[in-house]
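Please open the model in your viewer and keep the selection panel at hand. The stops below are meant to be followed in order.

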2 protein chains.
Amino acid sequence: MKKGASVQKRRTFRHGDLRNALLAAGLEMARVGGPDAVILREATRQAGVSPNAAYRHFANQAALLEAVRSACLARLATSIEEEMARIARVRDPQALARRSLRAVGMGYLGFALAEPGMFRTAFSVPPLVHEQNPANTASMGLNPFQLLSLALDRMSASGLLKKKDRPGAEYLAWSTVHGLALLALEGPLHSMPRDMVLALGERLVAMVERGLS
Amino acid sequence: MKKGASVQKRRTFRHGDLRNALLAAGLEMARVGGPDAVILREATRQAGVSPNAAYRHFANQAALLEAVRSACLARLATSIEEEMARIARVRDPQALARRSLRAVGMGYLGFALAEPGMFRTAFSVPPLVHEQNPANTASMGLNPFQLLSLALDRMSASGLLKKKDRPGAEYLAWSTVHGLALLALEGPLHSMPRDMVLALGERLVAMVERGLS
DNA sequence: GAGCAAAGTGAACAGCGTCCACATACGCTA
DNA sequence: TAGCGTATGTGGACGCTGTTCACTTTGCTC
């Protein structure tokens, strides 16, 4: 990281940590400008290295983008986990289930609004849902999808969600927040104020909770 | 169209309908490969014209893409209208409202699955929601957002949706289907079979109907 | 029929991803 | 300690993209 961000020329022929430097540069470009902004040549430039050096560490620019995307997904997972960690200790399992679902939804939406570039990058290219890439997971070792599943399991266990409605509920809940996030980020709701979007998010989570069962 | 698709050389110096030819070529490229695939030079090539000729009709490639995007939105609106036209004549206003909401949702999702390239293009770059661009509207003169509003108005008028919950309901309903469409198209649900996605869509609409009020 | 603006051409530039042949230096083995 | 193989980085080139500038052709109007 210390070397990756610096544009100054290095002395040694070997870079030492080029792969990480390129990844860091790519992540920053994604943060600022989304997936289309991650330029291979620019990454090498920031690392103080010739363009072709990148090909010793990534097969092509798609491979670099894929690595960046994976890093973005990990950040998203972290954001959700932080939101879940913020839940006050509560005994009632139904209340816990409700707050968990809300935490997942709002953590998701909050990250999308706070880091639009990374969020858009995370979903720029199809990752397979069942892939268990360790790089995607946050500290608990769960990716966003699994965090959502956890919340829904709590809903189901506490009786807030009928057993028969549990299968596939992830996709329904996920669709809602993902849709709102994208409409607000790169869709027609682009110019809607942030707090208004968050208010919509709250209504959305409530709608899911009521509508699922 | 007859001239736009043909790659053969024309005889006259003037093309005659270059703007439409470029638009048609761009639309086809978007249909096949999404927004990133609409290449200005390629459009001029297909129109049998030099690259620079495009600049007499579009300020730059972003302007061309914008025109293509608008055309894609119009197609989407048409798809929704077709689905609404398919509603059987029914007297009960509540039944009509329910079917209208379903038609909007499934028309939206159906278009996304049938024409993924166009759908992704339609939402590739932020259009403002309140713009009333005639090119976006289908035969009824309504864009997708307005079609959804209509369905929700029917819900509200027939008592299925409480008056106090009516404002902003568009965004909630829209988010759900948009999210599912994108997850299925370019997100983690990429490899899910089509009919399964449609089944999820039905559950989603039901969830919205139940959860809104 | 003269002239003018609209429409299309041609050459050029920078930036991108990528391939090729070549240079360098690190680390293992002898 | 000397040598050598290989991982890593360099330099140059190619074709593609969007875009600009100066130029030519054409159709329409006075």
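Predicted model: local features only at pLDDT ≥ 70, side-chain atom pairs only at ≥ 80, totals over all residues.

Residues are numbered from 1 along each chain as its sequence is written, and chains are lettered from A and ligands numbered from 1 in the order in which they are written.

**The two chains.** Select chains A and B together: chain A can be laid on chain B with an RMSD of 0.0 Å by a turn of 180° and a shift of 0.0 Å along the axis (superposed by least squares on the C-alpha atoms of residues with pLDDT of at least 70 in both copies). The two copies are thus related as by a two-fold rotation axis. Their contact takes 32 residues from chain A and 32 residues from chain B, where contact means C-beta atoms, placed from the backbone, within 7 Å. On the side of chain A that touches chain B, H7(A) gives the most, with 12 residues; helices here are DSSP runs (H or I) of at least four residues, numbered from the N terminus.

**The DNA.** Next select DNA strand C, which 20 residues surround, the closest being Phe13(A), Arg41(A), Asn60(A), His15(B) and Ser50(B); a residue is near a strand if its C-beta atom, placed from the backbone, lies within 6 Å of it. Helix H2 (residues 40-46) of chain A supplies the largest share of this surface, three residues.

Now select residues 93-114 and 144-157 of chain B, the helices H4 and H6, which pack at an angle of about 155° with their axes 8 Å apart. Axes are lines fitted to C-alpha atoms over the stretch in contact, and angles run from 0 to 180 degrees between N-to-C directions. H4(B) and H6(B) are therefore roughly antiparallel, a term for angles over 145 degrees. Among the residues that meet are Leu96(B), Leu101(B) and Tyr108(B) from H4(B), with Leu147(B), Arg154(B) and Met155(B) from H6(B).

Note on methods:
Helix = DSSP H or I, 4+ residues; strand = E, 2+ residues; numbered from the N terminus. Parallel < 35°, antiparallel > 145°, perpendicular 65-115°, else oblique. Contact = placed C-beta atoms within 7 Å.
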